[in-house]
Amino acid sequence: MPSTLSVDQSRLAEELADLERAGADVLQWDVMDGMYVPNLTVGWDVIADCRPHTSVPFEAHLMIEDPGRYVEDFARAGNERLIVHAEACMHLHRVIQQIRGAGLQAGVALNPATPIEAAQHVLEDIDTLLIMTVNPGFGGQSFIHTMLPKIRQAAAMIGERRLPVRIEVDGGISAETIASAYDAGARKFVAGTAVAKHPKGKAAAIAELRKVIEHA
Ligand code: DX5
């Protein structure tokens, strides 16, 4: 799924419509508060304003401190899933219950240095485990290959417990890295730069990524 982080922010509505035409199945909003990560992006009002401009489902990756404060706001904005960082929640299980209570799907994100055990006691309550393959805060970073064993470990934990949790990866996903992430067990892929900045355009970028994993 494309991240909105890397498109032209002065033309967000057009860019989202462009991503829909290019074949995006989900659009991920990278929400950053300048505290949890050293960058600042959009809030729920921007997401709400963009909602009518595309029919593609939205999910919000909340790279913010204490995300439980804003679950209702991001739910009202039109997201179908909220992904929160385990490291940013004093009471992760409660935040997940809040998200599900608001009628949304819940996901948990783990930074590269955070062990998957940080999410092991909430795997029954989420549908997505987001394993960061860069340190959060910026697009255009390089894929951290040492995350591959972590993805495998998460896939094994989920498989042993026969849970319907899908592993999502985010950061440095490109035609060069997506196959190794897929082989390790990832089944959802967030791509910002590889889609928004592809020389042949967004549709070619999405088609190329899909083709690589079809043959993985
Ligand atoms: C990092 C962001 C990025 C973004 C994708 O905080 O979460 O990973 O979604 O950026 P690229 O695909 O450019 O690495």
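For the class counts used here, Ala, Val, Leu, Ile, Met, Phe, Trp, Tyr, Cys and Pro are nonpolar, Asp, Glu, Lys and Arg are charged, and the others, Gly among them, are polar. Please keep in mind that every view shows a predicted model.

**View A. The largest pocket and its lining.** This pocket has a volume of about 390 Å³. Its lining is made up of 23 residues, and M1, D25, K188, F189 and R210 lie nearest the centre. Two or more lining residues come from each of β2 (58-63), β3 (79-85), β7 (188-190) and α8 (202-214). Helix α8 gives the largest share, 4 residues. Sorted by class, the lining has 13 nonpolar, 8 charged and 2 polar residues.

**View B. The second largest pocket.** Here the volume is about 290 Å³. Of the 25 residues in this lining, G139, G140, G171, G172 and G192 are the closest to the pocket centre. Strands β1 (27-32) and β2, together with α7 (193-196), are the elements that give two or more residues. The class count for this pocket is 12 polar, 11 nonpolar and 2 charged residues.

**View C. Helix α1 and its surroundings.** In α1 (residues 12-21), the buried residues are L12, E15, L16, A17 and L19. An α-helix has 3.6 residues a turn, so residues three or four places apart point the same way. The buried residues of α1 pack against β1, α2 (44-50), β2, α7 and α8. After the helix comes G23, with a positive phi near 105°.

View D. Side chains of opposite charge can pair when their charged atoms come close. K202 and E15 form a salt bridge, with their closest N and O atoms 2.7 Å apart. The two residues sit in distant parts of the chain, K202 in helix α8 and E15 in helix α1, 187 residues apart. K202 counts as buried because its relative accessible area is 13%, and E15 is buried too, at 7%. Salt bridges with shared partners join K202 and E15 with R11, D18 and R21 into one network.

**View E. Two further salt bridges.** D127 pairs with R81, with the closest N and O atoms 2.7 Å apart. D127 lies in the loop between β4 (105-110) and β5 (128-132), while R81 belongs to strand β3, 46 residues apart. Both D127 and R81 are buried. In the other pair, D66 and R69, the closest N and O atoms are 3.6 Å apart. D66 is partly exposed at 42% relative accessible area, and R69 is partly exposed at 45%.

Terms used
Residues are numbered from 1 along each chain as its sequence is written. This is a predicted model: local features need pLDDT of at least 70, side-chain atom pairs count only at pLDDT 80 or more; totals for chains, interfaces and linings use all residues. Side-chain values use heavy atoms; hydrogens and water are left out. On a 1 Å grid over the protein atoms alone, a cavity is a set of points where a 1.4 Å probe fits but cannot get out, and a pocket is an open set with protein on both sides within 12 Å along at least five of seven lines; lining residues have an atom within 4 Å of a point. Grid points are joined across faces, edges and corners, and a volume is the space filled by probe spheres set on the points. Buried means under 20% relative accessible area, exposed over 50%, partly exposed in between (1.4 Å probe, protein chains only). Contact means heavy atoms within 4.5 Å. A salt bridge is a side-chain nitrogen of Lys or Arg within 4 Å of a carboxyl oxygen of Asp or Glu.
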